[in-house]
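Colleague: I am new to reading structures. Could you take me through some features, step by step?

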Amino acid sequence: MIHSLAFLQATTSPLAEHRVADMFKPLATPAHTVFDLSLLVMGITGLIFLVVGGLITYAIIRFRHKEGGDPDEPPQIYGSNQIEVAWTVIPILIVFALIGVTARVVAGVQDQAQPPGTIHATVIGHQWWWEFRYPDYGIVTANELHVPITTGPGEHPTFLKLESRDVIHSFWVPQLAGKTDVIPNRENTMWLDPREPGVYFGNCAEYCGTQHANMLLRVVAQTPSDFANWVAQEKQRAAVPTDPKLKLAQRTFDRLSCIACHAVRGTPAFGVVGPDLTHLMSRQTIGAGVMDNTPANLRAWIDNPQAIKPGCQMPSMKLSDQQLDQVVAYLETLK
Ligand code: CUA
């Protein structure tokens, strides 16, 4: 047993977790371009601050009122045409230069040529969780977006379409890209190309209701072969339990109203209101990041989601202890 555990640790390399969503440590091209632009803007505006602040300080000190000095106002003269033209034209040029580079960065982080091997995913914001669809693979999952890393320039980037089912949300994973609003009846686009494997943390960045702060998201960036394995796993329908106890557990689940909101591909459950549960056990958290995905947490969540995430769309179904055990046992089979 100990031996097999050691073996497991040796073969599964846990992904580095980029928990601190630090936008000053960009690890993908869009985040880099946004970061570079912010440095340029900070540089230019910092320089303006120094020049203007310096001139004001100089004028305050040089021309301050002196004891015994002339009590009258200084001579009132007409200004200088050259200086006035300069301080009108230079700021206008600076503003247009900033508009130009900003527009270029905005266009660059929204769209890019989609080379062969581009991964397509659709992000759908819900109160208060994220739905991720991969139309090319027929995969639907929630709250954890899997993407391959980019090992060379322009290599399999992930292209995202962003939609909302209800209100305006904002998709933000600071180390990978800037914020993009997720707006009802509108389709926004952006793309990602993480350079390092790891789990990148992000969150909703537009106030969208009571549980806005608990609308967390993770981007799991994997090597191309790990990503391919994940896709192959997620494409499969839910495994049908063979154990009689688990069969009974599945029947209990299918008879409850869980299936009105949740889908488990390959079973009678095909609700679309809540997260797809086909491979629930492949996810690290439940409730869009509010708690780790453990059997005890899952049981507490199903028992009363409102105690954990007040205001969320999932009601307490007032299940008996036996029903809870069965539902949890069944969900645990959804690897
Ligand atoms: Cu969704 Cu804030």
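Modeller: We start with a definition. Helices and strands here are DSSP runs, numbered from the N terminus; a helix needs at least four residues and a strand at least two. Keep in mind that this is a predicted model.

Colleague: Where is asparagine 185 placed?

Modeller: Asparagine 185 sits in the loop between β8 (180-182) and β9 (188-192).

Colleague: Is asparagine 185 buried or exposed?

Modeller: The cut-off for exposed is over 50% relative accessible area. Asparagine 185 has 84%, so it is exposed.

Colleague: How do I read its backbone? What is phi for asparagine 185?

Modeller: General idea first. Most residues other than glycine have a negative phi, and most peptide bonds are trans. Now the case. Asparagine 185 has a positive phi, near 60 degrees, and it is not a glycine.

Colleague: What is the phi of alanine 288?

Modeller: Alanine 288 is not a glycine either, and its phi is positive, about 55 degrees. Alanine 288 lies in the loop between β12 (285-286) and β13 (291-292).

Colleague: Is alanine 288 buried or exposed?

Modeller: Buried means under 20%. Alanine 288 has a relative accessible area of 1%, so it is buried.

Colleague: You mentioned peptide bonds. Which residues does a cis peptide bond join?

Modeller: Glutamine 127 and tryptophan 128 are joined by one, with omega about 0 degrees. Tryptophan 128 belongs to the loop between β2 (119-126) and β3 (129-134).

Colleague: Now helix packing. How are two packed helices described?

Modeller: By the angle between their axes and the distance between the axes. Take α2 and α3. Their axes are 9 Å apart, and the angle is about 170 degrees. Therefore α2 is roughly antiparallel to α3.

Colleague: What kinds of residues make up the contact of α2 with α3?

Modeller: The contact has 12 nonpolar residues, two polar and no charged. On the α2 side, Leu37, Leu40 and Ile44 are among them, and the α3 side includes Leu98, Val101 and Val105.

Colleague: Can we look at one residue there? What does valine 101 touch?

Modeller: Valine 101 is in helix α3 (residues 81-110). Not counting residues up to four places away in sequence, it touches Leu37 and Leu40. Valine 101 and leucine 37 are 64 residues apart along the chain, yet their C-alpha atoms are separated by 7.6 Å. Valine 101 has a relative accessible area of 31%, so it is partly exposed.

Colleague: Let me try another pair. At what angle do α7 and α9 cross?

Modeller: At roughly 130 degrees, with the axes coming within 10 Å. So α7 is oblique to α9. The crossing of α7 past α9 is right-handed.

Colleague: How does the contact of α7 with α9 divide by residue type?

Modeller: Seven are nonpolar, none polar and four charged. The meeting residues include Leu298 and Arg299 in α7, and Leu324 and Asp325 in α9.

Colleague: What do the buried residues of α9 pack against?

Modeller: They pack against α5 (244-255) and α7. The buried residues of α9 are Leu324, Gln326, Val327, Val328, Tyr330 and Leu331.

Colleague: Back to loops. What does histidine 156 contact?

Modeller: Histidine 156 lies in the loop between β5 (144-148) and β6 (158-164). Leaving aside neighbours within four places in sequence, its contacts are Gly117, Pro148, Ile149, Thr150 and Pro224. A polar atom of the histidine 156 side chain lies 3.4 Å from the backbone oxygen of isoleucine 149. Histidine 156 has 18% relative accessibility, so it counts as buried.

Note on methods: Residues are numbered from 1 along each chain as its sequence is written. This is a predicted model: local features need pLDDT of at least 70, side-chain atom pairs count only at pLDDT 80 or more; totals for chains, interfaces and linings use all residues. Side-chain values use heavy atoms; hydrogens and water are left out. Buried means under 20% relative accessible area, exposed over 50%, partly exposed in between (1.4 Å probe, protein chains only). A polar contact is a pair of N or O atoms within 3.5 Å; within protein, one must be able to donate a hydrogen and the other to accept it, and residues adjacent in sequence count only if both atoms are side-chain atoms. Contact means heavy atoms within 4.5 Å. Axes are lines fitted to C-alpha atoms, for helices over the stretch in contact, and angles run from 0 to 180 degrees between N-to-C directions. Angles under 35 degrees count as roughly parallel, over 145 as roughly antiparallel, 65 to 115 as roughly perpendicular and the rest as oblique. A crossing is left-handed if the near helix is turned anticlockwise from the far one by less than a right angle, and right-handed if clockwise. Ala, Val, Leu, Ile, Met, Phe, Trp, Tyr, Cys and Pro count as nonpolar, Asp, Glu, Lys and Arg as charged, and the others, Gly among them, as polar.
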